[in-house]
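Please work through the following exercises with the sequence and the three-dimensional view side by side.

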Amino acid sequence: MPYPVDQNEKFAAYAHPERLVSTEWLATAIEDGALEGGRLVVLESDEDVLVYETGHIPGAVKIDWHTELNDEVTRDFVDGEAFAAMAAAKGISRDSTVVIYGDKSNWWAAYALWVFELFGHADVRLLVGGRDKWLAEDRAVTTDTPVTAPGDYPVVERDDAPIRAFKDDVLAHLGKPLIDVRSPEEYTGQRTHMPAYPEEGAMRGGHIPTAASIPWARAAAGDGTYRNRPELEALYLGEAGLKEGDDVIAYCRIGERSSHTWFALKYLLGFDTVRNYDGSWTEWGNAVGVPIVKGADRGTVPSAR
Amino acid sequence: MRKLGVMNTSALPAALAEIVDDFQALTEPERLQLLLEFSRGLPELPDRLMEHPEMMEQVVECQSPLFLTIETEQHDGGTPQSVRLFFKAPPEAPTTRGFAGVLHEGLDGLSPAEILAVPDDMPELLGLTRAITPLRMRGMTAMLGRIKRKVSALPQQS
């Protein structure tokens with residue numbers, strides 16, 4: 001049975017406020033014993049693999065995006081069996097409410113949330129403001145690792161199609177809206193990696209033809225929360241030119257920054273069909289025979305050859 | 001390719017060899033804990049560097065901001081010059097701090113020749129690659145590389 005949703009009025013303007021919880025809500029839920037019995041499970045997902053160990057929300061369980069969600073030998077996510085084993089070990093059952101938070105404006109938390117949705121986990125929510133907001137509010141932290149009773153998680157095969165795009169899907173999608181969430185320098189092709197991440201480059205610099213450039217962090221406010229609905233609408237409906245009901249694909253370099261944007265488009269603005277292209281620029285920028293556009297212009301759909 | 005795992009540390013300076021042995025003796029989760037301890041043990045910068053951040057260089061290969069610099073000390077009585085290492089990394093980047101802590105404890109005070117003799121792939125000896133991922137290990141390799149480049153650019157000793 002899902003845990004009751006946060007009725008916070010600040011979230012009411014978003015399309016799916018039930019996908020968000022506030023720090024106050026979580027603190028109260030923990031005090032009320034929601035973590036006992038695995039009805040509510042809190043996961044921390046960070047970029048740095050040791051941040052959790054420096055102190056975390058009491059009762060929160062660590063999830064590492066790199067070693068636990070990715071398959072070691074295929075460039076893909078884990079399969080249903082590995083996911084079930086991972087979830088159960090963290091005390092998650094299929095009907096658990098899962099709240100995810102992390103560092104860097106929930107960038108890695110949104111990525112983990114998106115992977116949970118690939119497996120159709122029904123109730124997974126984001127802690128608004130993530131780790132930074134929790135710490136800024138001087139809320140309780142601990143270095144104690146919780147002892148969790150294993151959850152009961154069935155083997156569910158991943159269903160990629162609704163929210164995940166592959167390269168061929170993107171090729172077929174050309175002509176419909178794309179959002180490029182990388183930095184302006186990556187978008188124009190001036191550089192092929194994120195500022196300060198030079199080892200993750202690609203052969204060519206630029207963007208997928210017609211993609212609008214909305215760097216992911218523009219959806220985040222200074223305190224790590226998402227911007228409010230009118231601000232998000234100005235970004236994605238105004239600047240990017242999306243229209244209600246559009247079928248949208250977001251991408252970045254490996255699909256993690258675009259998970260943050262994917263969440264904003266799907267749950268905050270209510271676009272029903274939003275996919276994250278996790279192959280992103282490291283695949284597209286290196287793939288043979290796919291078109292790119294260099295420079296600041298979005299470019300046009302190349303005519304079929 | 002050399003086989004990883006149990007590896008000969010005899011080519012390393014004593015302090016660094018000891019650290020590598022400590023890591024290799026542990027299980028993977030324990031290695032992460034040890035790295036965390038190194039992150040806590042990284043010394044604060046002296047005031048003269050705190051006040052002059054421009055004297056430090058950023059290692060951009062690290063996922064989190066990491067700045068480092070080196071200084072040299074000349075010993076009396078003709079003993080070799082020793083190299084002092086200084087690192088700056090934020091507390092919210094414990095992995096990066098941990099790598100810096102390992103290099104500080106393992107290399108600080110050694111002679112230029114000893115530092116230059118450290119194999120470039122030394123970070124792989126810590127046995128963290130699977131838990132930390134190759135991507136994150138590159139930051140440490142880059143830190144070591146930067147230190148060695150700076151040491152090799154020092155004026156030749158007389």
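**Exercise 1. Classify Arg139(A) by its accessibility, and then examine its salt bridge with Glu137(A).**

Step 1. Arg139(A) has a relative accessible area of 24% and is therefore partly exposed, given that buried means under 20%, exposed means over 50%, and partly exposed lies in between (1.4 Å probe, protein chains only).

Step 2. The model is a predicted one, in which local features need pLDDT of at least 70 and side-chain atom pairs count only at pLDDT 80 or more, while totals for chains, interfaces and linings use all residues. Residues are numbered from 1 along each chain as its sequence is written, chains are lettered from A and ligands numbered from 1 in the order in which they are written, and side-chain values use heavy atoms, with hydrogens and water left out.

Step 3. Between Glu137(A) and Arg139(A), the closest N and O atoms are 2.7 Å apart, and a salt bridge is defined as a side-chain nitrogen of Lys or Arg within 4 Å of a carboxyl oxygen of Asp or Glu. Glu137(A), with a relative accessible area of 29%, is also partly exposed.

**Exercise 2. Find which parts of chain A are tied together by the salt bridge between Asp76(A) and Arg158(A).**

Step 1. The closest N and O atoms of Asp76(A) and Arg158(A) are 3.2 Å apart.

Step 2. Asp76(A) lies in the loop between helix H2 (65–68) and helix H3 (80–89), whereas Arg158(A) lies in the loop between helix H5 (130–136) and helix H6 (167–173), so the pair ties together parts of chain A that are 82 residues apart in sequence. Helices (H or I, at least four residues) and strands (E, at least two) are DSSP runs, numbered from the N terminus.

Step 3. With a relative accessibility of 21%, Asp76(A) counts as partly exposed.

**Exercise 3. Describe how Arg229(A) and Glu233(A) are placed in their helix, and name the residues of the salt-bridge network.**

Step 1. A salt bridge of 3.0 Å, N to O, joins the side chains of Arg229(A) and Glu233(A).

Step 2. Both residues belong to helix H8 (residues 229–239) of chain A, and because they are 4 residues apart, about one helical turn separates them.

Step 3. Glu233(A) is partly exposed, at 29% relative accessibility.

Step 4. Through salt bridges that share partners, Asp76(A), Arg158(A), Asp160(A), Arg164(A) and Asp278(A) are joined into one network. Over all chains, a search of the whole structure finds 27 salt bridges.

**Exercise 4. Decide which residues of H1(B) are buried and which are exposed on the other side.**

Step 1. Leu16(B), Ala17(B), Ile19(B), Val20(B), Phe23(B) and Gln24(B) are the buried residues of H1(B). They cover an arc of only 160 degrees around the axis, which puts them on the same side of H1(B); the arc is that of the directions from the helix axis to the C-beta atoms.

Step 2. Ala14(B) and Glu18(B) are exposed on the other side of H1(B).

Step 3. Asp21(B) is found in helix H1 of chain B and is partly exposed, with a relative accessible area of 37%.
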